[in-house]
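Biologist: Please take a close look at one helix for me. Which side of the helix is covered, and which is open? Then place the helix in the wider fold.

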Amino acid sequence: MMVRYLGIFLVGCSTLNKETDPNGTVFESEQGDSHILQVGDTTAASYFLRSDKNELVLIDTGGSDNNPVLAQLAAEGATPEDVQKIFLTHAHGNHIGGIHLFPNAEIYALETERNALLEKEIVLDVGLTNHQILSLGNSELEIIAVPGHSMGNAAYRFDDILIMGDSAIASSSSTIEPILSNSDDPILAHDSLIVLKEDVLSRQIEFAYMLFSHSEPLSGIEALLAYE
Ligand SMILES: [Zn+2]
C-alpha cells in the first residue's frame with residue numbers, strides 16, 4: 001500500500017553555525033496511523049506524516065536548492081507531483097523557496113499572511129483562520145497564529161506535536177526564545193509566545209514534542225511553559 005504522508009517543511013531564517021546533513025533526519029515519531037518525519041537539517045527541515053488516508057502533505061517547502069524533500073519523496077517511491085497540500089508557516093524564502101517544485105499542491109496558510117505571500121508571487125489557495133483544524137486521516141492539524149516573526153506567522157499542532165516553525169528557537173539549554181533576526185515585530189513575537197503558552201496551558205493535551213525550523217526538537221512543552 002502506498003503510504004500517506006503529511007510532509008512538513010520547517011525552514012527558517014536564522015543562521016546556524018552547525019554542520020548538518022541536509023538529507024538527514026531531524027525527528028521521527030510514529031503513533032497509531034500517524035507518522036511524522038522531519039528530514040533535512042535544522043536549516044532546511046521537512047516532515048512527512050503518514051495517516052490512513054492517501055495524502056501527501058508538506059508543511060513549508062524548504063528552499064529551491066538541494067531540497068531535502070525531493071530525496072525523501074524518491075526514497076518513499078513518491079514524486080513531487082504527488083504532493084497534494086502545502087501548509088506554510090510564513091512567507092520567508094527558506095520556507096517557501098521550493099514551492100514551485102510541487103506543481104499540484106494546494107497552498108494553505110493563515111489568511112493574514114496572504115499579502116506577504118503575494119509579494120513573493122505566491123497565491124494562497126486557502127486562507128486559514130486562527131485555531132482552524134483540518135483532518136488528515138485520523139489526525140488533526142491545527143493552525144495557530146503566532147504573529148511577530150511575520151505578521152501572519154503560524155505554528156501548527158499535529159495531534160500532540162507542536163510545530164513551531166520560526167515562532168521560536170530552542171537553545172542548547174532547552175530554553176526557547178523568539179527568532180529576532182528578520183522578524184517584522186520582535187516585541188509582538190515575544191507577546192505571541194506568551195499567548196501561545198497560555199493557550200496550550202488551557203488545553204487537555206499532553207504534548208509530546210515541540211519541533212523547530214532552526215534547532216533540535218524538544219520533548220514536551222516545558223520550555224514553552226517556562227518562557228516569560
Ligand atoms: Zn522566517
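**A helix with two sides**

Modeller: Start with the open side. Ala 74 and Ala 75 are exposed, and they sit on the face of H1 turned away from its buried side. Keep in mind that this is a predicted model.

Now the covered side. H1 runs over residues 68-75, and its buried residues are Pro 68, Val 69, Gln 72 and Leu 73. These four span an arc of only 135 degrees around the axis, so they fall on the same side of H1.

Step back to the chain. Of its 228 residues, 50% are buried. Among contacts with a separation of 6 or more, 61% link residues 24 or more positions apart.

The strands deserve a glance too. Six of them make an open sheet with mixed pairing, ordered E10-E11-E12-E13-E16-E17. Strands E10 (133-136) and E17 (218-219) are at the edges with a single partner strand each, so one side of each has no neighbour in the sheet. Inside that order, E11 (residues 139-145) and E12 (residues 154-158) run antiparallel and are joined by five bridges. Ile 143 stands opposite Tyr 156 in E12.

How values were computed. Residues are numbered from 1 along each chain as its sequence is written. This is a predicted model: local features need pLDDT of at least 70, side-chain atom pairs count only at pLDDT 80 or more; totals for chains, interfaces and linings use all residues. Two strands pair if DSSP finds at least two bridges between them. A residue is buried if 20 or more other C-beta atoms lie within 10 Å of its own, exposed if 12 or fewer, and partly exposed in between; C-beta atoms are placed from the backbone. Two residues are in contact if their C-beta atoms, placed from the backbone, lie within 7 Å. The arc is that of the directions from the helix axis to the C-beta atoms.
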